[in-house]
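Student: I have a new model open and would like to learn how to read it. Could we go through a few features together?

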Amino acid sequence: GSCGFEILEDVPDPDVVVVCCGGGGLVSGIATAIKLCGPKKCRIFAVEPTAASSMYQSCKEGKAVSIKPEKTIAAGLAPPFAGKNCFEIVKRFVEEVVLVTDDEIRHAVQVLFGAGLVAEPSGAAAVAAILSGKIPNIDNCKVVAVVTGSNVTPKELTELV
């Protein structure tokens, strides 16, 4: 939840917060902090790669599920399951889990790099969702995209950008 508090410290009244999601720990912590201590109207979105959609599948099935993730450039977002406690929090506080392709993630890494930010593919998923138009109704909104991790080698970054 500390990342959620940091968001509220910098942007006390966000309309939308977009967070990458693997097993759900980061997004559930951020969503809990913002929904309990920030503006109730804030919409939280979780973002997963299409090749590793454990939280998305869990939301469809109404329970935390295990999957066999496929290969994705966002390896940090590809656990074989959604956490049970995290799923319950996502179900309560997250508006929607959206999916992005590896190409959309790659484009987000490139855009971030062009802006001077080095982000690993997993960390660029939230930006990928925004750039690809998968987060609805964000015109004239205060939107926060959580960008995590720069755990990418120069060789990997060269291949991405």
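**A threonine in a loop**

Tutor: Let us start with Thr101, which counts as partly exposed because its relative accessibility is 30% (buried is under 20% relative accessible area, exposed over 50%, partly exposed in between, with a 1.4 Å probe and protein chains only). This is a predicted model, where local features need pLDDT of at least 70, side-chain atom pairs count only at pLDDT 80 or more, and totals for chains, interfaces and linings use all residues. Residues are numbered from 1 along each chain as its sequence is written, and side-chain values use heavy atoms, leaving out hydrogens and water.

Student: Where is the place of Thr101?

Tutor: Helices (H or I, at least four residues) and strands (E, at least two) are DSSP runs, numbered from the N terminus. Thr101 sits in the loop between strand E3 (96-100) and helix H5 (102-114).

Student: Which residues is Thr101 in contact with, leaving aside its neighbours within four places in sequence?

Tutor: Contact means heavy atoms within 4.5 Å. Beyond those neighbours within four places, Thr101 is in contact with Thr50 and Lys134.

Student: Which residues of helix H4 are buried?

Tutor: In H4 (residues 84-93), the buried residues are Cys86, Phe87, Val90 and Phe93. They lie on the same side of H4 because they cover an arc of only 150 degrees around the axis, the arc being that of the directions from the helix axis to the C-beta atoms. These buried residues pack against H2, strand E2 (43-49), helix H3 (54-61) and E3.

Student: Which exposed residues does the face turned away carry?

Tutor: On H4, that face carries Lys84, Asn85 and Arg92.
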